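Open the model in your viewer and keep the selection panel at hand. The tour goes from one selection to the next.

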Amino acid sequence: HFRRWFRVGISDQVIEEEFQKISERNKESSPSGDGKKVSFGEIFSSPATKKGFIISVFLCANQQFSGIFAILSFTVNIFQESGSSMSANLATILVGAVQFLGSYFGTLLIDRAGRRILMIASNGVVSTSLGILSGYFFLKQLGINMTRYGWVPVTCLCGHIFFYAVGLGPVPYVVVSEIMAPRVQSLAITVSVCTIWGLAFLLTKTFVNIQGLLGVHGVYGMFSTACTIGTLFATVLHGGDQEQESRGHPQGTGRKREETGKGQYEFKQRGGYDGSLKDRHQECLGR
């Protein structure tokens with residue numbers, strides 16, 4: 001009944017055929033499809049799955065070392081310390097609205113612009129915003145009157161939150177689900193999600209301690225450096241994929257995972273991964 005409600009205007013026979021194909025596809029992709037338990041070592045059993053796993057974990061770490069959870073948790077404190085003329089609570093509401101807009105634009109761009117382009121742009125802007133914010137607090141610590149520049153922290157944090165929501169936020173989750181072979185996919189996703197939330201807890205828990213050790217400017221400088229490394233990673237990785245293409249591995253051909261390096265989706269030359277979400281949906285239906 002639920003399937004019929006969601007597919008108004010389509011006959012029951014077509015719905016049942018599609019449902020059967022999806023069920024069969026899920027059984028084939030299931031880690032226990034052949035009756036064997038997947039071991040962690042299988043992730044490193046081939047160069048393709050090993051590279052995919054490294055990419056996945058790095059993207060998840062890159063996401064958290066943008067400092068997103070620490071910054072969101074201490075937004076009010078950040079604005080109070082910045083000396084901005086804007087109310088700290090009002091600025092927090094503004095940051096939330098900007099995050100919502102960034103998430104909306106991220107859903108529109110993730111298939112159109114490509115994952116790589118979004119990661120480079122997101123890392124670049126987040127790194128720049130955090131770098132400027134670090135410089136602002138450094139000058140303020142030196143005793144320079146920054147009252148006339150009170151708009152800088154608001155602008156930097158809004159830029160950070162918006163571009164995080166566009167790229168760094170959603171892309172790692174999408175890429176992890178696309179880049180791994182079906183047999184090891186569930187294990188790789190588990191490790192990646194544990195990496196995200198483990199680092200989120202660690203960085204949020206130690207944010208105040210790191211701030212006391214490095215200073216406010218040092219914390220944002222650290223996050224800015226991490227995002228710069230993320231930008232370089234995405235750029236250099238793309239160069240390697242172009243080299244693979246020159247060796248006879250065409251990109252963006254919509255091939256199934258099993259046909260593309262045992263499941264690894266390669267970077268498109270235009271800046272994304274091989275296979276859009278729409279392609280994967282059609283693949284599941286056998287179209």
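Select E178 and R115: both are buried. This is a predicted model. E178 and R115 form a salt bridge, with the closest N and O atoms 2.4 Å apart. That distance falls within the 4 Å cut-off for a salt bridge. The count of salt bridges comes to one. Side chains of opposite charge can pair when their charged atoms come close.

Now colour the helices that hold the pair. E178 sits in helix α9 (residues 171-179) and R115 in helix α7. The two residues are 63 apart, so the pair links distant parts of the chain.

The crossing of the two helices is left-handed.

Next, select the contact itself. On the α7 side, pick residues including L118, V125, L133 and Y136. On the α8 side, residues including V152, C156, F163 and L168 belong to the contact. Colour the contact residues by type: 17 are nonpolar, six are polar and none is charged.

Last stop: S134, also in helix α7. Is S134 buried or exposed? Its relative accessibility is 12%, so S134 counts as buried. Leaving out residues up to four places away in sequence, S134 touches H217, Y220 and G221.

Technical notes. Residues are numbered from 1 along each chain as its sequence is written. This is a predicted model: local features need pLDDT of at least 70, side-chain atom pairs count only at pLDDT 80 or more; totals for chains, interfaces and linings use all residues. Side-chain values use heavy atoms; hydrogens and water are left out. A crossing is left-handed if the near helix is turned anticlockwise from the far one by less than a right angle, and right-handed if clockwise. Helices (H or I, at least four residues) and strands (E, at least two) are DSSP runs, numbered from the N terminus. Contact means heavy atoms within 4.5 Å. Ala, Val, Leu, Ile, Met, Phe, Trp, Tyr, Cys and Pro count as nonpolar, Asp, Glu, Lys and Arg as charged, and the others, Gly among them, as polar. A salt bridge is a side-chain nitrogen of Lys or Arg within 4 Å of a carboxyl oxygen of Asp or Glu. Buried means under 20% relative accessible area, exposed over 50%, partly exposed in between (1.4 Å probe, protein chains only).
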